[in-house]
Protein chains: 2
Amino acid sequence: MQFPLLTPENHTEFERRVERVRIAMERDKAEALLIGSTVNIFYLAGGVCRGYFYIPVAGKPLFFIIPPAQPTSASEISIRKPEQIPALLLEHGYNMPKRIGLEFDDLYYSEIERLKKLFPESDILDASRVMRSARMIKTVFEIAKMKEDGMRQSAVYSRIGHVYHEGMSDIEFQIEIERLLRQEGCLGYLRVAGSKMEINMGSLLVGPNADEPSPYDFSMGGAGMDPSLPVGASGVIMKPGMSVMVDMNGGFNGYQTDMTRCWMVGEVNELAAKAHECSCAILRDLEVYSRPGVEIGEMYRRAERMAQEWGLKEYFMGHRHHAAFIGHGVGIELNEGPVVMERNKSLLEENMTIALEPKFVIPGAGAVGCENTYAVRAEGLENLTPYKENLQQL
Amino acid sequence: MQFPLLTPENHTEFERRVERVRIAMERDKAEALLIGSTVNIFYLAGGVCRGYFYIPVAGKPLFFIIPPAQPTSASEISIRKPEQIPALLLEHGYNMPKRIGLEFDDLYYSEIERLKKLFPESDILDASRVMRSARMIKTVFEIAKMKEDGMRQSAVYSRIGHVYHEGMSDIEFQIEIERLLRQEGCLGYLRVAGSKMEINMGSLLVGPNADEPSPYDFSMGGAGMDPSLPVGASGVIMKPGMSVMVDMNGGFNGYQTDMTRCWMVGEVNELAAKAHECSCAILRDLEVYSRPGVEIGEMYRRAERMAQEWGLKEYFMGHRHHAAFIGHGVGIELNEGPVVMERNKSLLEENMTIALEPKFVIPGAGAVGCENTYAVRAEGLENLTPYKENLQQL
């Protein structure tokens, strides 16, 4: 296998990412990392492969790869199992690290316990934290990938009106949108961090179903079609007065954008129309306000204050059940750092990519509001999902 | 939330499952389990919820549930975080267990480390192993769910020919089959065990793409559409002489069946036609041979011997790259126990549900063979995916 990032012509991009990882390693005093999760291998290799990346804080990283993939350069070494790694490190002139990072939030307990045995003399630290911090700020290449996602997702959203017909149920409508996405090249699979997050190709919420709570930690709920997957569309027949919130999969190339737009059957009530306007106004405000150096929690508070000023606080981020965030990082995974919530005291940094989704759930109508994925620039937010935001009639 | 299995009318089913878990607990000398993974909570509650099941080896199980779900009976207790569990156990008259099981293969390292702190005096054992063993043998209710899956999956497979048109690519064809599945009620999301398994709605392999290796541990490979998800359809234009292997999602109700059928564009070469016949012959043989008490490894060896006798060994379970198993348990997850591979010395048991997939990859044609999901009965295998097995022409 040729790894897109490991090829000589892409070497600068690989080094750029390793450099980002090393900045985070130094902060956590890691002498080396051993990376084995799918998402982090994809980040480093540019392709999914079984194996382990060994990243020393200085010196050449090694990629221990497991067949069927085969080495294509001197820094790739074929192994059958991780137990071969310590001897191979010594053989290649590396010292055993005193402090090594393993991915506590990305690998199951049994795998970490197995990997810990390779470094019996070393202190073990959390590499998930290190990688999350590194991945939070994107390279030019990564943002270009996400721009591509946003363009394609926008193209699909512009066709959504064409597949609706009167009397459809939410799930029937969703199936047609899934097909549009797949035809545009959406890979279908959504990478979400956390062992307890599950979703198919995104969520479509129609009318009162938007107010049904879900056990998953998404911004909105929905009862789902079955107790085994209680999120999203529930089989509601789409009727006049209902809002239709489309928050579907924007993953076309290993990265993804997160984007929500709303439609309505006939006309929604005045309160819902006003709340949708308020959501757009919050986005306009945050697009200008959110610059490098801004405290992330203040973005949340600003949005909440606007909802309050518009008299819409009780509907903000849900009605029966409220989400505690209005946005989140996005990239390889749908839910990366930072989380835009009240108590987040960290500062916004240039080239973070974040989805902002100030939404409302309005009795008698359903969910309204927009979501865009943005890149943080010196002068404010750049929208990666540029598509009209008005409540469109189906 | 009302949990389907926890309701009074379903109480017998719940007790039946807890009884199965306790048999496995006794084997591993577990005094209690604390279960927090989505799949195992679904097994015990019949619905997905955030929280933790506490199962003592004797006495009443407790379900600590996290909002938005609310308790609906005396054995359900609302908590905000797992740290509340020890005090609640004591308050409800439970002793702290000397030996407690946590799910080593289903929860990330960080979560297990957090849960271990709740039981500082206890020995910790692997509850994933216990639950896997319990879930391997299905109840009558579970097999009924899987029969429903098999009927619906078969119904969709009977419509596959209608959505084909000449000149399609594999991915275009797959998208239409995904839509048929979703319209029939397929939930879309596929639960697969293991942190490094990823797939969208199953796999469609056309012609030479079937011989492309994949980093995932599925029976067949395929290059995929992007290095970020290297499995399955790769954009191949479907041409005369190519085989078309359909191995798609059979999950309609929290359970799933695994089923493969093959089509061909025009006619495939003689070797491929013969190999397809051989696959069906292996299934016929194993349907009669596989009874409770049979060594599982012998099922593998029997299949391999038949492939050898038919002169097809080099194409068996792949050509450039060979899978080491011809089948696997299936249920809530696609890949449950037992694995039907050469070195599995365990014995088949009544009411196991296993998918058998003796497949071949034939140069010049592609992948051929069938897969059915079976329930193990006293008199042999009962096919839960009854649909004609011949190579159909598109």
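Which residues point one way from E8(A), and which the other way? Ser243(A), Met245(A) and Asp247(A) take one direction, while Val244(A), Val246(A) and Met248(A) take the other, and all are buried. Keep in mind as you look around that this is a predicted model.

## Confidence in the model

Let's begin with the scores. Chain A has an average pLDDT of 96, and 100% of its residues reach at least 70. For the complex, the predictor reports an ipTM of 0.96 together with a pTM of 0.97.

E8 of chain A covers residues 243–248 and is mostly covered, with 6 of its 6 residues buried. That holds for Ser243(A), Met245(A) and Asp247(A) as well as for Val244(A), Val246(A) and Met248(A), which point the other way.

E8(A) pairs with strand E7 of chain A (residues 202–206), to which 5 bridges join it, and the two run antiparallel. Here Gly202(A) has Met248(A) as its bridge partner in E8(A). E8(A) also pairs with strand E11 of chain A (residues 260–264), again in the antiparallel sense and over 5 bridges. In this pairing, Asp247(A) finds its bridge partner in E11(A) at Thr260(A).

## Where chains A and B meet

How many residues of chain A are in contact with chain B? There are 55, and they meet 55 residues of chain B. An interface is often sized by the accessible area that is lost when its parts come together. For chain A and chain B the buried area is about 4,800 Å², and carbon and sulfur atoms give 58% of it.

There is polar detail here too. Between chain A and chain B, 26 residue pairs are in polar contact, counting pairs with both residues at pLDDT 80 or more. On the side of chain A that touches chain B, helix H2 (38–45), helix H4 (109–116) and helix H7 (170–184) each supply at least two residues. H7(A) provides the largest share of that side, with 8 residues.

## Salt bridges across the interface

The rule finds 8 salt bridges across the interface of chain A and chain B. One of them brings together the side chains of Arg191(A) and Glu198(B), at 2.6 Å from N to O. Both Arg191(A) and Glu198(B) are buried. The pair crosses between chains: Arg191(A) sits in the loop between H7 and E7 of chain A, and Glu198(B) in the loop between H7 and strand E7 (202–206) of chain B.

Arg191(B) in turn forms a salt bridge with Glu198(A), with 2.6 Å between the closest N and O atoms. Arg191(B) belongs to the loop between H7 and E7 of chain B and Glu198(A) to the loop between H7 and E7 of chain A, so this pair joins two chains. Arg191(B) and Glu198(A) are both buried.

Over all chains, the rule counts 58 salt bridges. Among them is the one between the side chains of Lys147(A) and Glu382(A), at 2.9 Å from N to O.

Glu184(B) lies in helix H7 of chain B, which spans residues 170–184. Its side chain makes a polar contact with the side chain of Arg159(B) at 3.1 Å. Leaving aside residues up to four places away in sequence, Glu184(B) touches Arg152(B), Ala155(B), Val156(B), Arg159(B) and Phe252(B).

Asp28(B) is found in the loop between helix H1 (11–27) and strand E1 (32–35) of chain B. Why does Asp28(B) count as buried? Its relative accessibility is 13%, and the cut-off for buried is under 20%. Again leaving aside residues up to four places away in sequence, Asp28(B) touches Arg99(B), Leu125(B), Arg129(B) and Val130(B).

Definitions and conventions:
Residues are numbered from 1 along each chain as its sequence is written. Chains are lettered from A and ligands numbered from 1 in the order in which they are written. Side-chain values use heavy atoms; hydrogens and water are left out. Helices (H or I, at least four residues) and strands (E, at least two) are DSSP runs, numbered from the N terminus. A polar contact is a pair of N or O atoms within 3.5 Å; within protein, one must be able to donate a hydrogen and the other to accept it, and residues adjacent in sequence count only if both atoms are side-chain atoms. Contact means heavy atoms within 4.5 Å. Buried means under 20% relative accessible area, exposed over 50%, partly exposed in between (1.4 Å probe, protein chains only). Two strands pair if DSSP finds at least two bridges between them. pLDDT is the predictor's confidence in each residue, from 0 to 100. Buried area is the accessible area (1.4 Å probe) that two parts lose on being put together, summed over both. A salt bridge is a side-chain nitrogen of Lys or Arg within 4 Å of a carboxyl oxygen of Asp or Glu.
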